[in-house]
Amino acid sequence: RHIHQYYPGRKGFFNSLLGDFEIECRQRYQRYSDQMNLQESEVVRFRNEFERYGLTSENDKRAAILCQRGKSEMFVGNVENADALFKEARDLAPESAYVFAMSASYDLARNRIGHALEHIEKACKNVTKKTGALCYVLKARILDVQHDKTGRIAALECALRYDSDDSLTRHQYGVALSRAGRAEEAIQQFNLIIEKEKEIPSHHSASHGA
């Protein structure tokens with residue numbers, strides 16, 4: 001009011017400026033609100049993901065969905081949007097191993113190895129029983145890009161502690177041992193996979209038994 005009193009000719013200018021500012025604020029809030037709101041369709045779509053990795057809090061779920069949106073943006077080439085979505089996810093769930101693992105995977109896909117290592121280290125510090133294998137397998141992938149054979153082996157060993165029945169991870173572990181010149185240990189891992197496969201009834205045997 002006082003501004004308009006001393007600068008009456010600028011009343012329209014100030015009103016216009018405030019109007020534009022208000023519109024921009026509303027648009028920013030709407031974008032934020034859209035990202036934060038859990039759409040029922042997305043909740044249903046990612047329910048298995050939430051259960052698999054033990055994502056129970058609303059913030060963890062929102063952050064996981066932001067990560068998925070970030071991946072979608074990356075696939076269509078909108079890397080600036082992807083960066084922003086992953087950052088929002090980390091800000092929303094700063095202790096989530098899953099979110100930082102997904103950020104590391106995104107960084108790896110963009111060949112930003114330093115960022116990938118930073119994020120996967122944070123993820124591995126906060127792992128749970130349900131996220132441990134995910135985090136350490138991903139860490140092994142990042143270290144493999146760096147040609148760190150010893151680090152890759154150690155990461156895969158950790159992954160198997162969280163999920164010893166994962167044959168794919170055990171196979172990767174065997175390959176890593178073999179590449180490091182530890183052939184006998186590698187053969188032991190491959191034999192474990194074979195023995196595990198023998199324990200699984202074949203479809204033919206199951207049908208015959210029925």
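Start by selecting His147, which counts as exposed at 70% relative accessibility, where exposed means over 50% relative accessible area, buried under 20% and partly exposed in between, with a 1.4 Å probe and protein chains only. His147 sits in the loop between helix 9 and helix 10, and has a positive phi of about 60° although it is not a glycine.

Before moving on, bear in mind that this is a predicted model, in which local features need pLDDT of at least 70 and side-chain atom pairs count only at pLDDT 80 or more, while totals for chains, interfaces and linings use all residues. Residues are numbered from 1 along each chain as its sequence is written, and side-chain values use heavy atoms, with hydrogens and water left out.

Next, select Asn111, in the loop between helix 7 and helix 8. Phi of Asn111 is near 60°, a positive value in a residue other than glycine, and Asn111 is exposed, with a relative accessible area of 59%.

Now display the whole chain as a cartoon. The chain has 13 helices and zero strands, where helices (H or I, at least four residues) and strands (E, at least two) are DSSP runs numbered from the N terminus. Of its 210 residues, 34% count as buried. Among the contacts with a separation of 6 or more, 48% are accounted for by residues 24 or more positions apart, contact meaning heavy atoms within 4.5 Å.

Select helix 6 (residues 79–92) together with helix 7 (residues 97–109), whose axes come within 9 Å and cross at roughly 160°; the axes are lines fitted to C-alpha atoms over the stretch in contact, and angles run from 0 to 180 degrees between N-to-C directions. Helix 6 and helix 7 are therefore roughly antiparallel to each other, a term for angles over 145 degrees. On the helix 6 side the contact is made by Val79, Ala82, Asp83, Phe86, Ala89 and Arg90, and on the helix 7 side by Val99, Phe100, Met102, Ser103 and Tyr106. These residues divide into eight nonpolar, one polar and two charged, with Ala, Val, Leu, Ile, Met, Phe, Trp, Tyr, Cys and Pro counted as nonpolar, Asp, Glu, Lys and Arg as charged, and the others, Gly among them, as polar.

Which residues have the most contacts inside the largest nonpolar core? Select Ile120, Cys135, Leu138 and Ile142, which hold that place in a core of 28 residues; such a core is a set of buried Ala, Val, Leu, Ile, Met, Phe, Trp, Tyr and Cys residues joined through side-chain atoms within 4.5 Å. Two or more residues each come from helix 7, helix 8 (113–125), helix 9 (132–145), helix 10 and helix 11 (167–179), and the largest share, seven residues, comes from helix 9. Leaving aside residues up to four places away in sequence, Cys135 touches Ala97, Ala101, Ile120, Ala123, Cys124 and Val127. Apart from this core lies another, of 20 residues, among them Phe50, Tyr53, Leu55 and Val99.

Continue to Arg152 in helix 10 (residues 149–162), which counts as buried at 11% relative accessibility. Not counting residues up to four places away in sequence, Arg152 touches Ala140, Leu143, Asp144, Gln172, Ala176 and Arg179.

Finish at Thr169 in helix 11, buried at 6% relative accessibility. With residues up to four places away in sequence again left out, Thr169 touches Val137, Leu156, Ala159 and Leu160. A distance drawn between the C-alpha atoms of Thr169 and Glu157, twelve residues apart along the chain, spans 9.1 Å.

Key
Angles under 35 degrees count as roughly parallel, over 145 as roughly antiparallel, 65 to 115 as roughly perpendicular and the rest as oblique.
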